[in-house]
Amino acid sequence: MNRIEIPESFELFGREIQVNIIPDLAMDTDDIGEAKLRYDEIRLQKSTEGYPISRDRQMQCYYHELTHFILNEMDYIFRNNKDEEKFVSAFSRLLYQAIKSAKYKL
Ligand SMILES: [Zn+2]
């Protein structure tokens, strides 16, 4: 399995997006990740003693929020939120699995 990291920031069309890992995100928002599109920020729940979260789940969440950002940059419009979440969930899981399971020649 590849060692992949969650970055501090990344760029989309030259726009810098910050990735912040926050100790009480789940308590404040009842979610473990959010894409703050207008603030150029992805927020992820930090794994804490009171709210343990596996690395895999956090990575999956990162790719989920990243996919929201990419679709937003593409001006891709879904009919409704449910359609968007369905697409984003499936696409980001597959993307993460492909990256995680990729094998390279040494
Ligand atoms: Zn989502």
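Reader: In what order do the strands of the sheet come?
Author: In this model, which is predicted, four strands form an open sheet in the order S1-S2-S4-S3, and their pairing is mixed.

Reader: Which strands stand at the edges, then?
Author: Those are S1 and S3; each has a single partner strand, so one side of each is left without a neighbour in the sheet. On average, and ignoring direction, neighbouring strands of this sheet are turned by 20° against each other.

Reader: And S2 and S4, in what sense do they pair?
Author: S2 and S4 pair in the parallel sense, over five bridges.

Reader: Which residue of S4 does Asn 20 stand opposite?
Author: Asn 20 has Arg 43 in S4 opposite it.

Reader: Switching to the loops, where does Phe 13 lie?
Author: Phe 13 belongs to the loop that runs between strand S1 (9-12) and strand S2 (15-22). Its phi is near 50°, which is a positive value in a residue other than glycine.

Reader: Is Phe 13 buried or exposed, and why?
Author: Phe 13 is exposed, because 7 other C-beta atoms lie within 10 Å, and a residue counts as exposed with 12 or fewer.

Reader: What about Asp 40, where is its place?
Author: Asp 40 sits in the loop between strand S3 (33-36) and strand S4 (41-45), and the phi of Asp 40 is near 50°, again a positive value in a residue other than glycine.

Reader: How exposed is Asp 40?
Author: Asp 40 counts as partly exposed, because it has 15 C-beta neighbours inside 10 Å.

Notes:
Residues are numbered from 1 along each chain as its sequence is written. This is a predicted model: local features need pLDDT of at least 70, side-chain atom pairs count only at pLDDT 80 or more; totals for chains, interfaces and linings use all residues. Helices (H or I, at least four residues) and strands (E, at least two) are DSSP runs, numbered from the N terminus. A residue is buried if 20 or more other C-beta atoms lie within 10 Å of its own, exposed if 12 or fewer, and partly exposed in between; C-beta atoms are placed from the backbone. Two strands pair if DSSP finds at least two bridges between them. Axes are lines fitted to C-alpha atoms, for helices over the stretch in contact, and angles run from 0 to 180 degrees between N-to-C directions.
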